[in-house]
Amino acid sequence: MKKIHLLAILLCLTSLAKAQTEKPKLVVGIIVDQMRQEYLYRFNDKFGDDGFNRLINEGFMFKNAHFNYVPTYTGPGHTSVYTGSTPAIHGIIANDWYSKKIKHHIYCAYDSTETTVGSSSNKGMMSPRNMLTTTITDELKLATQKRAKTIGISIKDRGAIFPAGHLGEAYWYDSETGDFITSTYYKNELPSWVQKFNDKKWAKKLLSQKWKPINVSRSYTAAGSDENNYEGDFYGQGTSLSKGYKLDNENFGQLAAVPFGNDMLKEMALATISGENLGKHDDTDFLAVSFSSTDYVGHRFGPNSMEVEDTYIRLDKNIAEILKKLDQQVGAGNYTVFLSADHAVSEVPQYFTDNKIPSGYFVHRLRDELNRFLNEQFGEADWVENVSNSQVFLNHKTILEKKQSLHDVQDLVAHYIMELDGVKETYPAYVIHNLDYDINGIKGLLTRGYNQVRSGDVLYALEPSWLESGRHDGNTGTTHGSSYSYDTHVPMLFYGHGVKHGSSVKYHPITDIAPSIAMMLNVMLPNGATGQPAQELFED
């Protein structure tokens, strides 16, 4: 009997050790563009049991996860999640930025050396080359001698490219053709399964519908009034979802602006899982899915709109379908999912103003103003090359020719901006250079978002709930990019293989996602990672 008991114990320990060392067959990373953490609470009773609520009720939710840098934009957001790092290190400092070397703006994923695969447009002149570090998907490829399949898909090119890393494959939506495309960086011909997907003409089908509430209008209790002065006009049709919006099935660019863009991406995700036979290989595979329509809808209508609520009710159904597909192909318990966002979003400032909450619009032609100011101080010259992403780029050649101190000019510009209404803080770059990476407050957020090679000479931050002119449609709609919690606080959910049920209110930077996945997969951390594995996931 003692021998039998001993054998049973040994078998149990062996089984436990095996379970602890086994890896998921597939990791699926889901990014929801512009999603606030509070949407999980506000829309919760509108969700079914098989989408967001399945992840919450069976997975582990970090309730206090934040981006730990500024600016909070799409390109840096996706890159930071997958590198476990921040713009100071991975180099994607914004969606586009002024290049001090070539003296004009560059798009974060643009690559003039590559061409489009899958259409005749120029939408495929893209690559991840501007990203300076590896991603968790890169590290998985390296750990498996490139056998693992790692694929990124999104309506937005940058939402697919940076998560896929340098070594994976990426596919994104071409707004000129309504098809999914890729770049010669990855391959010279679309796989047959992508071609078959494109042959179904999903965009044309989806745009033949009318966007109207998926539920009865009176049930949208988590939103404000359907028609109000804070929402942007939808292609000349006003702001009433209850009346419905007509779509143009010849205007493929319109798809991203409605929830049906998420529907198309869901179909692409299902096709990718089947077409690439994900989760059926000896090595772990990785699928990165980024839903973009939430961002377009949020920008136009704002977070308090019926349109946003409707978009998330529909997205919940999309996520449920993806999970069902994973159960069928990979098997429940054989895959791991994480869900997060690339940034959150501000309330519409005019709505706050009308409700007696401090807010406003920063309306300045700052480059012209600063040039006039510096001309008065030092004489006529071209002193300021560019102002973008809340940064001022000075003309170093002019400063040298005029025999001025760069630090003195930076100080003067910082003091000038500090006197403007709506400005919270300003910092010359030389101050940021000397700050510790782990410093707290706005200084720390600016420091972690500042790349010495690519960033500007003076940085500024606006007061809470202020937006820069030009980043909104009059006083309607909204945007993101700030250091405040409404822009930084996003979901951080883990579910599936290797994940216990639970929740935590402990603060976690979003850069902890990639290191946590690295621990689950027993692979190297991305080479620029500054985040740490989330301990709560690994504690008994």
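A residue is called buried here when its relative accessible area is under 20%, exposed when over 50%, and partly exposed in between (1.4 Å probe, protein chains only). Keep that in mind for the whole tour.

**Before you click**

You're looking at a predicted model, in which local features need a pLDDT of at least 70, side-chain atom pairs count only at pLDDT 80 or more, and totals for chains, interfaces and linings use all residues. Residues are numbered from 1 along each chain as its sequence is written, and side-chain values use heavy atoms, with hydrogens and water left out.

The chain averages 95, and 95% of the residues score at least 70. Now select residues 1–21: here the pLDDT is below 50, and beyond near neighbours in sequence the stretch has 1 contact in the model. Contact means heavy atoms within 4.5 Å.

**Stop one: alanine 429**

Select alanine 429, in helix α17 (residues 429–433). Helices (H or I, at least four residues) and strands (E, at least two) are DSSP runs, numbered from the N terminus. Alanine 429 counts as buried because its relative accessible area is 2%. Which residues does alanine 429 contact, leaving aside neighbours within four places in sequence? Show Gln410, Tyr450, Gly456 and Asp457. Then jump to tryptophan 172: its C-alpha atom is 36 Å from that of alanine 429, and the two are 257 residues apart along the chain.

**Stop two: two histidines**

Go to histidine 480, in the loop between β19 (466–468) and α19 (485–488). Is histidine 480 buried or exposed? With a relative accessible area of 7%, histidine 480 is buried. The side chain of histidine 480 makes a polar contact of 3.2 Å with that of histidine 299, and another of 3.3 Å with that of histidine 343. A polar contact is a pair of N or O atoms within 3.5 Å; within protein, one must be able to donate a hydrogen and the other to accept it, and residues adjacent in sequence count only if both atoms are side-chain atoms.

Next, pick histidine 508 in strand β23 (residues 508–509). Histidine 508 is buried too, at 3% relative accessibility. Its side chain has a polar contact of 3.0 Å with the side chain of glutamate 536. Not counting residues up to four places away in sequence, histidine 508 touches several others, including Phe62, Asn64, His66 and Met492.

Select helix α7 (residues 157–164). How many of its residues are buried? The count is 8 of 8. These buried residues pack against α4 (74–83), β5 (104–107), α6 (136–143), β7 (150–154), β8 (169–174) and β12. Just after α7 sits glycine 165, with a positive phi of about 75 degrees.

Now move to helix α11 (residues 293–301), where the buried residues are Ser293, Thr294, Asp295, Val297, Gly298 and Phe301. Among the elements covering them are β1 (26–32), α10 (260–275), β12 (285–291) and α12 (306–329). Glycine 302 follows α11, and its phi is positive, near 85 degrees.

Finish by selecting Thr177, Gly178, Asp179, Lys201, Ala203, Lys204 and Phe252, which line the largest cavity.

Note on methods:
pLDDT is the predictor's confidence in each residue, from 0 to 100. On a 1 Å grid over the protein atoms alone, a cavity is a set of points where a 1.4 Å probe fits but cannot get out, and a pocket is an open set with protein on both sides within 12 Å along at least five of seven lines; lining residues have an atom within 4 Å of a point.
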